[in-house]
2 protein chains.
Amino acid sequence: MKPAAPPERSATLSYEQAGVDYDLIDPLKVAAQRAAAATGAHLAAHGFSEVAASRGESAYVVDVGPFYIASIVECLGSKALVADEMQRLTGRSYYDGIAQDTIAMAINDLITVGATPLVVQAYWAAGGSEWFADAQRANALVAGWKRACDTCGVAWGGGETPALAGIVADGRIDLAASCTGLINPKERLSVGDKLGPGDAIVLLSSSGIHANGLSLARKLAERLPQGYLTPVTPGLSYGDALLAPTVLYSPVTEALYKAGITPHYCANITGHGWRKLLRHPATHTYRIHSVPQVTPVLKFIQQHANQDDREAYGTFNMGAGFALFVKAEDAQRTVAVAEALGVQALVAGQIETGAKRLIIEPLSIEFGDDALQLR
Amino acid sequence: MKPAAPPERSATLSYEQAGVDYDLIDPLKVAAQRAAAATGAHLAAHGFSEVAASRGESAYVVDVGPFYIASIVECLGSKALVADEMQRLTGRSYYDGIAQDTIAMAINDLITVGATPLVVQAYWAAGGSEWFADAQRANALVAGWKRACDTCGVAWGGGETPALAGIVADGRIDLAASCTGLINPKERLSVGDKLGPGDAIVLLSSSGIHANGLSLARKLAERLPQGYLTPVTPGLSYGDALLAPTVLYSPVTEALYKAGITPHYCANITGHGWRKLLRHPATHTYRIHSVPQVTPVLKFIQQHANQDDREAYGTFNMGAGFALFVKAEDAQRTVAVAEALGVQALVAGQIETGAKRLIIEPLSIEFGDDALQLR
């Protein structure tokens with residue numbers, strides 16, 4: 001089978017068209033963030049305090065004296081729907097990879113603040129007890145979860161496996177992971193206070209779409225001539241390509257610490273794509289001079305969804321799953337540490353003094369301060 | 001309106017009939033527990049170790065040197081469906097109470113191991129962005145979540161508010177909470193190693209059904225003459241009574257510590273009702289000589305579902321939301337500490353040498369070792 005040619009005149013498919021309306025969610029998010037911020041003071045009664053700079057970061061950090069504790073809960077999102085459809089089409093279960101995706105959502109966020117992940121808890125809420133009756137699928141989920149814990153050196157503490165008929169859709173599963181870690185020694189804290197002009201931007205390669213942008217990717221499948229079985233490259237279907245498990249980046253951040261490299265800041269490139277590089281609230285210009293190779297499935301989506309580079313890089317990771325902001329002198333060694341672990345890496349640019357914006361020079365695109373309203 | 005009389009010859013409604021089939025879930029749970037147990041060894045690479053006795057307990061505990069860290073993720077279950085139906089019937093939102101229920105599921109489990117809860121993360125997965133457009137409901141959820149954090153003195157760290165169309169049912173929300181706490185000083189660890197004959201069993205009162213047994217309670221609503229609006233007591237509808245928020249017990253366990261009382265063990269009385277008193281793996285006989293007053297809504301459910309005491313106490317909390325196993329000499333003071341905080345308490349019985357069983361003398365019922373297969 002030949003990869004399908006992009007449609008000639010099809011309309012652009014944007015993330016908003018794919019069904020997630022942030023305008024409806026954002027007021028709640030803001031109200032919740034405000035209420036949450038007011039609770040940080042409770043820690044004083046226990047003799048502790050929050051790391052205020054972690055509010056709005058990917059993980060919440062508390063100073064408990066000898067070290068910091070970071071914690072998080074993250075959900076997989078809608079990638080499981082692709083696994084379900086591909087299981088229907090091919091007969092095999094993809095839930096081993098889905099398990100890794102779910103853990104990656106939590107771990108890759110937790111490590112941005114400099115934490116070593118220690119414990120993962122599983123949240124597997126099924127639409128009914130029957131979900132668990134498919135032994136192949138259930139065993140794949142367990143095996144994949146275990147393997148991802150092994151890769152990251154975390155203990156799987158336990159979790160919840162409720163059957164929630166009427167809340168979770170029939171035949172579906174809502175997957176999430178919570179994770180607790182330590183920032184130890186405390187100097188590993190990377191909430192961006194040391195981030196500044198001259199720092200290098202190192203991008204770690206992604207394996208594909210990871211677990212963000214799936215609403216659009218699923219919508220696109222409806223337009224493709226053979227749906228999920230449409231080839232992306234010869235022998236690789238769109239569904240299989242989408243289901244490549246998310247890279248777990250904690251082995252890299254742990255190895256960097258052992259190599260004496262403490263990033264000034266990290267950004268997990270998830271929803272909003274490269275706009276996540278603008279995540280830190282400080283005013284800096286982020287100039288990208290080299291972009292990594294785009295994973296075939298993301299190039300395929302861009303073409304078939306008829307997106308220009310600005311839309312694509314503002315939505316998807318486009319080959320870069322995680323960004324490390326390090327001292328310029330550490331940049332090449334950061335690349336070497338990652339590549340020794342099998343994760344391709346690239347010194348992609350640097351931070352400069354200037355207005356808050358991201359300039360991707362090779363593509364002649366730019367995102368301003370307003371590109372990422374929500375942190 | 002007069003409270004409805006129990007039906008004369010209606011069939012008994014058991015938990016299994018209400019739609020949760022543990023036979024389908026349990027093999028996965030066992031496989032997951034086995035895989036999870038194998039990951040505990042990863043902590044050694046970080047210089048830490050798991051508290052093996054916490055495997056199978058309500059929260060997972062890691063020894064990080066100066067103190068223990070406990071973590072957990074818990075889901076609300078199907079109580080939100082009652083809130084949705086009551087909102088349809090009465091026009092008001094019950095999500096402030098639902099927020100408390102969700103946090104209670106996590107906090108009341110976390111404290112069983114002796115932990116002080118420090119950080120809560122919110123997991124609010126809606127069936128679509130539209131869920132968040134109902135501002136009254138969204139604000140109630142935020143306000144209730146904040147208030148519960150205030151009650152427990154925990155920091156609300158953040159969370160996830162995904163819109164998961166196709167996974168979470170349309171118009172519904174899947175609510176869960178993760179919680180991280182410290183056992184500090186380490187002597188507060190209560191995983192049951194000191195539990196033994198002579199210990200007193202102190203029961204803390206519940207506010208109603210809490211958030212367990214709702215599948216059955218919802219099924220029962222279909223049988224009632226006025227459904228959720230059927231009065232339980234004059235002026236109190238079945239729906240309102242069900243929606244009484246779960247008691248948050250961490251103020252009690254924190255006050256006990258300040259009073260110099262360290263429980264030998266705790267059991268959060270949730271699914272499987274009083275069978276949870278048999279939770280600890282050791283072989284002891286638990287003899288109950290006094291039972292607390294049964295909350296009216298639970299008495300109502302027992303009558304209308306035509307359950308005998310064995311079925312009712314094996315399913316619901318029947319007025320006892322949390323069990324503290326303390327030294328006999330601490331029992332009365334434990335009651336006093338709880339009641340000073342407005343939580344009714346009762347010295348209900350004691351632990352004796354003997355086969356593993358729970359004897360509820362006032363009701364002439366008994367549960368054996370086989371009553372709680374899964375921990």
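# Exercises on a predicted two-chain model

B:Arg218 is found in helix H5 (residues 214–223) of chain B; helices (H or I, at least four residues) and strands (E, at least two) are DSSP runs, numbered from the N terminus. This is a predicted model, in which local features need pLDDT of at least 70, side-chain atom pairs count only at pLDDT 80 or more, and totals for chains, interfaces and linings use all residues. Residues are numbered from 1 along each chain as its sequence is written, chains are lettered from A and ligands numbered from 1 in the order in which they are written, and side-chain values use heavy atoms, with hydrogens and water left out.

## Exercise 1: a charged side chain

Task: Find out which side chain of opposite charge is nearest to B:Arg218, and which residues B:Arg218 touches.

Solution: 

Step 1. Start with the rules. Buried means under 20% relative accessible area, exposed over 50%, and partly exposed in between (1.4 Å probe, protein chains only). Lys and Arg count as positive and Asp and Glu as negative, while His and the chain ends are not counted. A salt bridge is a side-chain nitrogen of Lys or Arg within 4 Å of a carboxyl oxygen of Asp or Glu.

Step 2. Now apply them. B:Arg218 is buried yet has no salt bridge, and the nearest side chain of opposite charge, B:Glu222, is 6.5 Å away.

Step 3. Look for another polar partner. The side chains of B:Arg218 and B:Ser78 are joined by a polar contact of 3.3 Å. (A polar contact is a pair of N or O atoms within 3.5 Å; within protein, one must be able to donate a hydrogen and the other to accept it, and residues adjacent in sequence count only if both atoms are side-chain atoms.)

Step 4. List the neighbours, where contact means heavy atoms within 4.5 Å. Leaving out residues up to four places away in sequence, B:Arg218 touches A:Ala165, B:Ser78, B:Leu81, B:Val82 and B:Tyr228.

## Exercise 2: two copies

Solution: 

Step 1. Two copies of a chain are related by a rotation about an axis and a shift along it.

Step 2. The same surface serves both copies, as 100% of the contact residues of chain B recur in chain A.

## Exercise 3: the build of chain A

Task: Describe the secondary structure of chain A and compare its radius of gyration with the globule rule.

Solution: 

Step 1. Chain A has 10 helices and 15 strands.

Step 2. The radius of gyration of chain A is 20 Å, close to the 21 Å that the globule rule gives for 375 residues, so chain A is as compact as a globular protein of that length. The radius is taken over C-alpha atoms, and the rule is 2.2 Å times the number of residues to the power 0.38.

Step 3. Along the principal axes, the C-alpha atoms of chain A fill a box of roughly 55 × 50 × 45 Å. Of its 375 residues, 63% count as buried.

## Exercise 4: salt bridges across the sequence

Task: There are 26 salt bridges over all chains; say which parts of the chain are tied together by the pair A:Arg279 and A:Glu57, and look at a pair in chain B.

Solution: 

Step 1. A:Arg279 and A:Glu57 meet in a salt bridge through their side chains (3.9 Å, N to O). A:Arg279 lies in the loop between strand E10 (265–268) and strand E11 (285–288) of chain A and A:Glu57 in the loop between strand E1 (49–50) and strand E2 (60–63), so the pair ties together parts that are 222 residues apart in sequence.

Step 2. Check burial. A:Arg279 is buried at 9% relative accessible area, and A:Glu57 is buried at 11%.

Step 3. In chain B, the side chains of B:Glu254 and B:Arg188 meet in a salt bridge (2.9 Å, N to O). B:Glu254 is buried, with 12% relative accessibility, and B:Arg188 is buried at 7%.
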